[in-house]
Amino acid sequence: MKIGSWWLFPKIGFERLEPRDYLVLGTIFSSTDTVCTLQVLSQDKNPLLYSLVFGEGIMNDATSVVLFNAIRKMDVSNLNGSTALHVFRDFLYLFSTSTVLGIVSGLLTAYALKTFYFGRHSTDREIALMILMAYLSYTLAELFELSGILAVFFCGIVMSHYAWYNVTQKSRTTTRHTFSTMSFIAETFIFLYVGMDALDLQKWQVTGASLKTSFGIYGVLICLLLLGRAAFVFPLSALSNYMSSNVEKSTITFHHQVIIWWAGLMRGAVSVALAFKQYTDFGVTWNPVHATIITSTVVIVLFSTMVFGLLTKPLTDALLPQSERGKNNHQNRKSFEEDQILPLLSQENPLQTKSTLALLFERPVRTIHVYWRKFDDNYMRPLFGGPSPST
């Protein structure tokens, strides 16, 4: 995105951009909105595909926000190799510290609900504690200039893994619906704001760009989104299939790769929020370049959501017929069961037992998962809560 826009924008008459603007554009359009695709996919019928789309969408949003904050701090007056190292260092710092903050907040919540009396035996207190601690992680991250989205994301993961099992069934049901409602309201508000801002004539007048230049910018951005997604999804999927060809029976098929590629084409609330945060003051800008970037972001979000979103259901129906969905589901479940059983069977015969290092290189994901589950069952869950190992 950054290199393509730097090369193509001057050719269509859109100049006056600074080096930081090209980098910020890359981060703005790095975040994806996979909600539409996830609404169409079935987690039970396509567990592998659903997990890939959901996980990539979440990590894209979190990574784009962290990278956006790192680029805002960089010195663009002297771009060289050391500048890239500084950006990478800031990215690692923001990512790691935000992650640790979110995990600590989630563990504190789980410990309080499990140990202290004030957090138990009351649905109101349990729900209030979970909501306030999640908001506390976001607030602390923003206070220390970290990534609030990443902090609250990992806080939610830890809460769902530990704190969820320390509350009553009534609190679980209420919390699930409460967070879903809050999420729906927030996303609806964002898209209402995008739609209303698209009719803000002040920004369109400030841009000063001709109709030809404006449509050229939109076309360049859409083409770069299509090519950028393809340049990463298909090679990485091929690499994943190659690395797991000897040990995995469920691979990322070409149809799955197309759906993953398509799911990442839609842009949403995060792109709009980043663009407004960088180029407006309380939603207003009088800079023609900044106004052009804002209006272009709004157009890309609306176009990708309406056009790509409307075509998602027909695309998934064409690429994933009912018979193929059942076959994939059976293969995924069979592969998952074998991955869980094989490490246990290997311990029954010492002569055939492989070393931990050999298992790590042969099955890195499964090996790490097995040892993490052992550590989690023996040390973490007795302290912070969670289901018993038998369940």
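**Figure 1. An aromatic cluster in the predicted model.** In this predicted model, one aromatic cluster is formed by Phe234, Phe254, Trp261, Trp262, Phe303 and Phe308. A search of the whole structure finds 13 aromatic pairs, and one of them joins Trp262 to Phe308 in an edge-to-face arrangement, with 5.1 Å centre to centre and 70 degrees between the planes. This pair links distant parts of the chain, since Trp262 belongs to helix α11 (residues 254–263) and Phe308 to helix α13 (residues 288–319), 46 residues apart. Trp262 counts as buried at 12% relative accessibility, and Phe308 is likewise buried, at 10%.

**Figure 2. Aromatic residues of helix α16.** Trp372 and Phe375 form a tilted aromatic pair, 6.0 Å centre to centre with 40 degrees between the planes. The two residues are separated by about one helical turn, because they lie three residues apart in helix α16 (residues 364–384). Trp372 is partly exposed, with a relative accessible area of 37%, and Phe375 is also partly exposed, at 38%. In a further contact of an aromatic ring, the charged end of Lys374 sits over the ring of Tyr371, 5.0 Å from the ring centre.

**Figure 3. The loop residue Glu145.** Glu145 lies in the loop between α6 (123–143) and α7 (148–161), where the residue adopts a positive phi of about 60 degrees although it is not a glycine. Most residues other than glycine have a negative phi. The relative accessible area of Glu145 is 55%, so this residue counts as exposed.

Notes: Residues numbered from 1 in each chain as written. Predicted model: local features only at pLDDT ≥ 70, side-chain atom pairs only at ≥ 80, totals over all residues. Heavy atoms only, no water. Helix = DSSP H or I, 4+ residues; strand = E, 2+ residues; numbered from the N terminus. Buried < 20%, exposed > 50% of the residue type's maximum accessible area, 1.4 Å probe, protein only. Phe/Tyr/Trp six-rings, centres within 6.5 Å; stacked < 30°, edge-to-face > 60°. Lys NZ or Arg CZ within 6 Å of the ring centre and 35° of its normal.
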